[in-house]
Amino acid sequence: MTVVSSKSKLRDQWPFGVVLLIVVIGIVLIGMYYWRRGTSLIGGALLVAAALRLLLPDSRAGLLAVRKRRVDILLYGGFGLMILYISASIIGGPLN
């Protein structure tokens with residue numbers, strides 16, 4: 001039986017921490033009324049999650065590994081692209 005310290009468990013969650021940090025920054029920007037930048041960051045965070053899920057093995061993906069790899073990549077990437085599109089296409093946005 002191996003003993004795993006809580007520090008190593010926390011260290012294994014760095015991919016989720018990176019994504020969560022980007023989302024928190026996006027939420028702060030939304031709260032400061034920079035909603036287009038904030039929502040774009042949240043969409044970008046999901047794309048980062050998809051990239052990390054693609055590149056990292058299941059044992060290193062931490063809390064990003066929720067389902068099978070293909071499903072996670074498809075959902076993270078799809079929702080990320082959808083949020084970026086909606087953020088960019090709202091009336092008065094750059095695609096106006």
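Modeller: Over residues 14–35 the chain is 86% helix and 0% strand, and its end C-alpha atoms lie 26 Å apart. This is a predicted model, in which local features need pLDDT of at least 70 and side-chain atom pairs count only at pLDDT 80 or more, while totals for chains, interfaces and linings use all residues. Residues are numbered from 1 along each chain as its sequence is written, and side-chain values use heavy atoms, with hydrogens and water left out.

Biologist: Which residues does UniProt list under "transmembrane region"?

Modeller: The unreviewed UniProt entry places that feature at residues 14–35, 41–61 and 73–95, although such annotations may be inferred rather than shown by experiment. In the model, residues 41–61 are 71% helix and 0% strand, with the end C-alpha atoms 21 Å apart.

Biologist: Why are α2 and α3 called roughly antiparallel?

Modeller: The axes of α2 (residues 14–31) and α3 (residues 35–55) come within 7 Å and cross at roughly 170 degrees. Axes are lines fitted to C-alpha atoms, for helices over the stretch in contact, and the angle between N-to-C directions runs from 0 to 180 degrees. Angles under 35 degrees count as roughly parallel, over 145 as roughly antiparallel, 65 to 115 as roughly perpendicular and the rest as oblique, and therefore α2 and α3 are roughly antiparallel to each other.

Biologist: Which residues in α2 and α3 meet?

Modeller: Contact means heavy atoms within 4.5 Å, and among the residues that meet are V18, V19 and I22 in α2 and A45, V48 and L52 in α3. By class, this contact has 17 nonpolar, 3 polar and 1 charged residues. V48 itself touches V18, V19 and I22, not counting residues up to four places away in sequence, and the C-alpha atoms of V48 and I22, 26 residues apart along the chain, are separated by 9.2 Å.

Biologist: What does W14 contact, leaving aside its neighbours within four places in sequence?

Modeller: W14 is in contact with L52, L56 and R60. The C-alpha atoms of W14 and L63, 49 residues apart along the chain, are separated by 9.1 Å.

Biologist: What makes Y33 exposed, and where does Y33 lie?

Modeller: Y33 lies in the loop between α2 and α3, and its relative accessible area of 72% is over 50%, so Y33 counts as exposed. Y33 also has a positive phi of about 70 degrees although it is not a glycine.

Notes
Helix = DSSP H or I, 4+ residues; strand = E, 2+ residues; numbered from the N terminus. Nonpolar A, V, L, I, M, F, W, Y, C, P; charged D, E, K, R; others polar. Buried < 20%, exposed > 50% of the residue type's maximum accessible area, 1.4 Å probe, protein only.
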